[in-house]
Amino acid sequence: MTRSNGDDQTSVCVLTPTGRGAVAVVAVAGRDAVKFVDGCFLASNGRSLDRQPLSRIVYGHWGTVEGEDLVVCRRDEHEVEVHCHGGVQSVAAVVSQLVAAGCDEIPWQEWISRQHECPLEAEARIALAEATTSRTALILLDQLQGALRREVEAILAEIQSGEIAAAEARVDCLLANFSLGLHLTSPWQVVIAGRPNVGKSSLINALVGYQRAIVFDQPGTTRDVVTTHTVIDGWPIELSDTAGLHATTDSLEVAGIELAHAQLARADLVLWVEDATASDSMELLKQQASDLGLELPSRQVLVLNKIDLADQPIPANAIATSALTGQGIEHLLAAIVQQLVPDAPEPGSAVPFNMRQASLLLAAKEACEQGHQANASAALDELLVRGE
Ligand SMILES: Nc1nc2c(ncn2[C@@H]2O[C@H](COP(=O)(O)OP(=O)(O)OP(=O)(O)O)[C@@H](O)[C@H]2O)c(=O)[nH]1
Ligand SMILES: [Mg+2]
């Protein structure tokens, strides 16, 4: 049963994704749901909708649309589902007639919010629709099944019984999981950077397993930022290949290098690449990083590529690769995961996954630190209770 919005408004919502599909589901809920659908629908058995049994599929004809035969199901006294053809026009015709009858069209996210008493679980269901891997979906499924709600309730109980230090420690644990939580619905940004011709584009191709970026034996090949989506160990990642960083007056290259700098500034992780055959490769790597003078992400991996051509030892703090032969690529993939997700959560763990949750947890932490227990409880309560 969909909870009402607290007023007498009857709502209509398309529950299936936009685009063409075999069948679309349009849901109507509220005081006048049965009446409004009845005004548009003619059942083949001739009975009005309020005389059709609950949960029974009823075949019939929709409104004035020629040839629009469909089925309707009365889910309960105040909720009806219309199952119509999945084409864009059919769905639009059904919805527009219901809106003309007096329904308020709402987005699917709001429909889901009304179905859950606890906003954390509604948010998890909405986020699940955006999860792109089964690993991230499983973590969100844990939150939908109450992992985060139970943890917040346990923290609230601790605050109420005066165990503030323990409560604060648990809030800290939740906040430590937030970076991961945010990337359950949006990919980690991993940027490949370094001097021209060291094999950055070749490395991106080796990491994703197909020829995404142009490789050429002349420096200055990549000018634009070339992005590609991939999954490493179940984590969604957007890899960005960038123009080789060096001093140049070529205006096209300068533009590419500026784009590279912008990409670096918002990266979650930078793979700094250098040519393993360069005698001072590690010094060059360090120099690049400091020359940039940017506020760089703390997470970096140093990569010495073209190891197949090198005859010198590789320093322990770098990863040796050959984009040509594939040597070291598995090692590099593992290092990327190690940097981004050093501690994957255990199954069933509580993970906050959106800004609303993180800011309320931060507010609770600050209130605990200042000894304002009532404020801490209020912030945590807000996590659990839907605002009207
Ligand atoms: N032997 C060997 N050659 C490589 C390797 N990786 C790349 N190359 C070669 O190095 C040259 C430059 O490779 P790219 O991947 O285009 O280099 P880049 O860093 O993207 O260059 P820019 O886009 O100009 O900055 C090409 O001829 C590649 O075939 C490697 O691991 N071993
Ligand atoms: Mg390139």
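A polar contact is a pair of N or O atoms within 3.5 Å. That cut-off is handy for the views below, which come from a predicted model.

**View 1. Asn305 reaches ligand 1 through its side chain.** An N or O atom in the side chain of Asn305 sits 3.1 Å from a nitrogen atom of ligand 1. With a limit of 3.5 Å for such pairs, this one therefore counts as a polar contact.

**View 2. Backbone atoms of Asn197 and Thr221 approach oxygen atoms of ligand 1.** For Thr221, a backbone N or O atom is found 2.8 Å from an oxygen atom of the ligand. For Asn197, the distance from a backbone N or O atom to an oxygen atom of ligand 1 is 3.0 Å. On its own, ligand 1 has 650 Å² of accessible area, and the protein covers 90% of that.

**View 3. The surroundings of ligand 1.** Take a step back and you will find 23 residues around ligand 1. The closest of them are Lys200, Ser202, Gly220, Thr221 and Asp308.

**View 4. Domain 2 meets domain 3.** The chain splits into domain 1 (11-115), domain 2 (119-177 + 346-384) and domain 3 (188-340). Each side of the contact between domain 2 and domain 3 supplies 5 residues. About 410 Å² is buried between these two domains, with 67% of it on carbon and sulfur atoms. On the domain 2 side, Thr133, Arg135 and Thr136 lose the most area to domain 3, and together they make up 82% of what that side buries. The centres of the two domains, taken over C-alpha atoms, are 36 Å apart.

**View 5. Arg135 and Asp233 form a salt bridge.** Their side chains meet at 3.4 Å, N to O. The interface of domain 2 and domain 3 holds 1 salt bridge, and 2 residue pairs are in polar contact between these domains. The side of domain 2 that touches domain 3 is made of 1 nonpolar, 3 polar and 1 charged residue.

Key
Residues numbered from 1 in each chain as written. Chains lettered and ligands numbered in written order. Predicted model: local features only at pLDDT ≥ 70, side-chain atom pairs only at ≥ 80, totals over all residues. Heavy atoms only, no water. Domains from an automatic or database assignment. Contact = heavy atoms within 4.5 Å. Buried area = accessible area lost by both parts, 1.4 Å probe. Salt bridge = Lys/Arg side-chain N within 4 Å of Asp/Glu carboxyl O. Polar contact = N/O pair within 3.5 Å; in protein donor to acceptor, adjacent residues only side chain to side chain. Nonpolar A, V, L, I, M, F, W, Y, C, P; charged D, E, K, R; others polar. Near = heavy atom within 4 Å. Areas by Shrake-Rupley, 256 points an atom, 1.4 Å probe, with all protein chains shown as cover.
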